[in-house]
Amino acid sequence: DVAQGDGIYLTDGYGRHLMIDGGSTDEKQVGKYRILPFLKYNRVKKIDAWIITHGDEDHCSGALELMQAGYPIDCLVLAGAMPEDDSRETLETAAKQNHTEVVLVSTGDSVKLKGCTMRCLYPDAEETGNDANGLSQVWSFKTDGLSVLFTGDISTETEKKLMERNLIREYTILKAAHHGSKTSSGAEFLEAVSPACAVISCGKDNLYGHPHRETLERLEAAGSMILQTMETGQITVFDTGESWGIRFPCREGE
């Protein structure tokens, strides 16, 4: 739970530790007060690969903090198609100062894990566009009994591209794009993904009205259980090898 932002930690259970995004627009020093305490509690001494789906503050401010503070990160994963703007320059500079390798990825690239696969579905290296959200990295995570689709802040336009390129199949869990924005999680896309559960990362009483009612209605129509960090706090998905499940703190009064 990083409030209004995204912050996702993954491990294969065999010593590999990954992050996808890690930022917030309403939690000051989210790296110091949310992300780092989580990593310390779980005895994570370094991150092997930190994927930044795109350069917006609510996806990278905490990662930037940790690099500037000297936290060990082997590589920073950016999209080859990421705009060469101030945000990218700041991230790359912090990575260099932290002795963190910058790796540029595109469709088809993967991250090495044991017992599971982690593959980049988007964007292609030559992808272009003026919208940073539309060029967000999309990643697929699969084990024998569990599959998760991570969508950054993509819009319905990018969702259509993924379907046209035959890159979408059914997934157990969907990390809903753009914090539940009404311009993401289109009906056709949700029909193709058919997630048993949709996770929305957003902050309570955020200025953007996330998640939007229209998006929640589309997720409900798709038959998905909907979990929101602003309601549940931290959400943990686990896979035992025989079954998968979800843990989260009870809501107040439950």
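1. A search of the whole structure finds 1 aromatic pair. Rings of Phe, Tyr and Trp (its six-membered ring) pair if their centres lie within 6.5 Å; planes under 30 degrees apart count as stacked, over 60 as edge-to-face and the rest as tilted.

2. This is a predicted model, in which local features need pLDDT of at least 70 and side-chain atom pairs count only at pLDDT 80 or more, while totals for chains, interfaces and linings use all residues. Residues are numbered from 1 along each chain as its sequence is written, and side-chain values use heavy atoms, with hydrogens and water left out.

3. Helices (H or I, at least four residues) and strands (E, at least two) are DSSP runs, numbered from the N terminus.

4. Buried means under 20% relative accessible area, exposed over 50%, partly exposed in between (1.4 Å probe, protein chains only).

5. Ile-51 belongs to strand β3 (residues 47–51). Is Ile-51 buried or exposed? Its relative accessibility is 0%, so Ile-51 counts as buried. From Ile-51 to Ala-79 the C-alpha to C-alpha distance is 8.9 Å, and the two are 28 residues apart in sequence.
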